[in-house]
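I opened my notebook to look up how side chains pack and pair in this one. Here are my entries, in the order I made them.

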Amino acid sequence: MSAPRAAHSATLLRSGEVLIAGGCAVDGCERDARGAETELFDPATGRFRAGPSLQRPRVGHAAFGLPDGRVVIAGGWQGADPTAGTEIYDPARA
């Protein structure tokens, strides 16, 4: 990763890449949120690349793959406030 993260999600995509979404700095979520950032990890090369930003910062959220290859990202926190709603990551549009 570009920087260590905690409270993020990691979801395997059909391409074999892994979507790393949201989270915060390992040594303090309240000081250094990475909540809207995503990265894509390619296990074949061992490299990370920047992905599209989430619509809302999310820490401690849930993410899961759908049968059609998209990923649902839901809930979580932004600071001390819960993050309402969901969003969908579509690798075909990224």
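This is a predicted model: local features need pLDDT of at least 70, side-chain atom pairs count only at pLDDT 80 or more; totals for chains, interfaces and linings use all residues.

Residues are numbered from 1 along each chain as its sequence is written, and side-chain values use heavy atoms, with hydrogens and water left out.

**Entry: salt bridges**

I took a salt bridge to be a side-chain nitrogen of Lys or Arg within 4 Å of a carboxyl oxygen of Asp or Glu. I found five of them in the structure.

One joins Arg5 to Glu37 at 3.6 Å, N to O. Arg5 is in strand 1 (residues 5-6) and Glu37 in the loop between strand 4 (24-25) and strand 5 (38-42), so this pair ties together parts 32 residues apart in sequence. Arg5 is buried at 6%, whereas Glu37 is partly exposed at 37%.

Arg5 also meets Glu39, at 3.0 Å, N to O. Here strand 5 and strand 1 are linked, with the two residues 34 apart. Glu39 is buried, at 5%.

Next I looked up Glu17, which bridges to Arg49 with the closest N and O atoms 3.2 Å apart. Glu17 sits in the loop between strand 2 and strand 3 and Arg49 in strand 6 (residues 47-50), so parts 32 residues apart in sequence are tied together. Glu17 is buried at 15%; Arg49, at 45%, is partly exposed. I also noted that shared partners join Arg5, Glu37 and Glu39 into one network.

**Entry: neighbours of Glu17**

Counting contact as heavy atoms within 4.5 Å, and skipping residues up to four places away in sequence, I listed the residues Glu17 touches; among them are Thr11, Leu40, Phe41 and Arg49.

**Entry: aromatic pair**

I counted ring pairs of Phe, Tyr and Trp (its six-membered ring) with centres within 6.5 Å; planes under 30 degrees apart are stacked, over 60 edge-to-face, and the rest tilted. There is one such pair. It is Phe41 with Phe48, tilted, at 4.6 Å centre to centre and 35 degrees between the planes. Phe41 is partly exposed at 22%, and Phe48 is partly exposed at 33%.

Definitions and conventions:
Buried means under 20% relative accessible area, exposed over 50%, partly exposed in between (1.4 Å probe, protein chains only). Helices (H or I, at least four residues) and strands (E, at least two) are DSSP runs, numbered from the N terminus.
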